[in-house]
Amino acid sequence: MLEVPLWLWMAFAATVVVSLAVDLLAHRTAHVIGFKEAAAWSGLWVGLALLFGGVVFLVLGTTAGTEYTTAWLLEKSLSVDNLFVFAVIFAYFKVPRAYQHRVLFFGVIGALVLRGIFLSLGVAVVSRFTAVLFVFAAVLFYSTYKLLKDEEADFDPGRSFAVRLLRRVVPVRDEYAGARFFVKEAGKRVATPLLAVVAAIEAADLVFAVDSVPAVLAVSDDAFVVYTSNAFAILGLRALYFMLAGLLDRFRHLSKGLAIILAFIGVKLVLQASHKMISPSVPEIPTPVSLGVIVVVLAASVLLSLRRPPGPPAGSSDRDA
């Protein structure tokens with residue numbers, strides 16, 4: 001484990017808190033976020049992530065810096081799948097565009113807490129039971145199979161456990177009430193659909209954690225590296241969604257690229273576990289190689305998607321335009 005100075009943890013925490021506060025103040029008035037605004041915010045989040053990565057390089061060394069960069073890029077790429085689910089959830093609940101940022105803001109806070117818990121447990125388990133890496137590899141191989149075969153289970157936001165539990169705890173009205181999560185009706189406090197949307201977003205993040213947590217633990221087993229890289233990737237997810245909201249359908253080859261990345265990380269986990277448990281002669285995949293593979297596969301899948309956009313639906317013709 002890395003000897004991380006306390007001031008670096010505090011600097012990270014301060015950066016996250018200040019960034020969220022600035023973001024909240026900048027969007028205190030509900031409005032539709034356009035491409036230019038989203039692109040500016042996305043650039044800010046990426047810049048913060050890379051700047052912090054530079055600090056990691058300087059303070060903790062090249063190995064830690066490379067692991068941080070690889071883990072951040074891996075989580076950033078895997079989180080693209082979340083964007084498609086966000087679109088499904090917003091469409092299902094018919095969330096007005098002006099309120100979508102508020103939902104994702106609170107969704108991000110919940111994700112930061114949940115990922116912190118899962119990653120802490122993951123690091124603790126891996127440090128004691130190396131064999132669990134084989135289990136993590138199996139999870140990633142299964143996720144690869146589902147992506148390649150397009151067998152991802154249909155996601156029904158209205159029937160997710162979190163939404164059903166919310167409806168049992170508090171009544172949920174059918175109409176929105178601006179950007180509020182609660183209103184009073186007949187003297188009773190009831191939730192608006194906006195709170196149900198937040199619950200659905202959190203439930204979706206739990207599902208995606210099944211892939212992302214084992215994947216990032218293949219890059220590093222240090223709590224500081226895995227959590228900070230995950231946090232910065234999650235922080236930039238909202239801006240990325242609004243920037244790509246109208247272009248998601250164009251990235252039809254991205255899922256195949258993610259499948260290749262997951263399979264590669266699964267192989268890395270198997271070799272890593274075999275090296276520790278079976279024989280030191282079993283080779284491990286260096287982190288710089290992992291970083292290179294992720295960059296190449298992502299770039300190739302995005303470029304292929306842009307060069308070969310989806311064709312018209314079956315049965316359609318130019319006369320339908």
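Where is the place of Lys76? Lys76 lies in helix α3, which runs over residues 62–78. Before I go on, note that this is a predicted model.

Let me stay with Lys76 for a moment. This residue is buried, yet Lys76 has no salt bridge. The nearest side chain of opposite charge belongs to Glu75, and that is 9.6 Å away. So what does Lys76 touch, not counting residues up to four places away in sequence? The contacts are Ala233, Gly236 and Leu240.

Next, helix α1, residues 6–26. Its 21 residues, at 1.5 Å a residue, should span 30 Å. The end C-alpha atoms are 30 Å apart, which agrees with that expectation.

Which residues of α1 are buried? They are Leu8, Phe12, Val16, Ser19, Leu20 and Asp23. Looking down the axis of α1, you find these buried residues within an arc of 105 degrees, so they line one face of the helix.

On the face of α1 turned away from the buried side sit the exposed residues Leu6, Met10, Val17 and Leu25. As for the buried side, its cover includes α2 (35–60), α5 (97–128), α9 (223–235) and α10 (237–244).

Now the salt bridges. How many does the structure hold? There are five. I will go through some of them.

Asp23, one of the buried residues of α1, forms a salt bridge with Arg238, at 2.5 Å from N to O. This pair links distant parts of the chain, with Arg238 in helix α10 and Asp23 in helix α1, 215 residues apart. Both partners, Arg238 and Asp23, are buried.

A second example takes us back to α3. The side chains of Glu75 and Arg115 meet in a salt bridge of 2.8 Å, N to O. Here too the pair joins distant parts of the chain: Glu75 is in helix α3 and Arg115 in helix α5, 40 residues apart. Glu75 is buried, and so is Arg115. Salt bridges that share partners join Glu75, Arg115 and Asp205 into one network.

Is Glu175 buried, exposed or partly exposed? Glu175 has 46% relative accessibility, so it counts as partly exposed.

How values were computed. Residues numbered from 1 in each chain as written. Predicted model: local features only at pLDDT ≥ 70, side-chain atom pairs only at ≥ 80, totals over all residues. Heavy atoms only, no water. Helix = DSSP H or I, 4+ residues; strand = E, 2+ residues; numbered from the N terminus. Buried < 20%, exposed > 50% of the residue type's maximum accessible area, 1.4 Å probe, protein only. Lys, Arg positive; Asp, Glu negative; His and termini not counted. Salt bridge = Lys/Arg side-chain N within 4 Å of Asp/Glu carboxyl O. Contact = heavy atoms within 4.5 Å. Expected span 1.5 Å × (residues − 1). Arc of directions from axis to C-beta.
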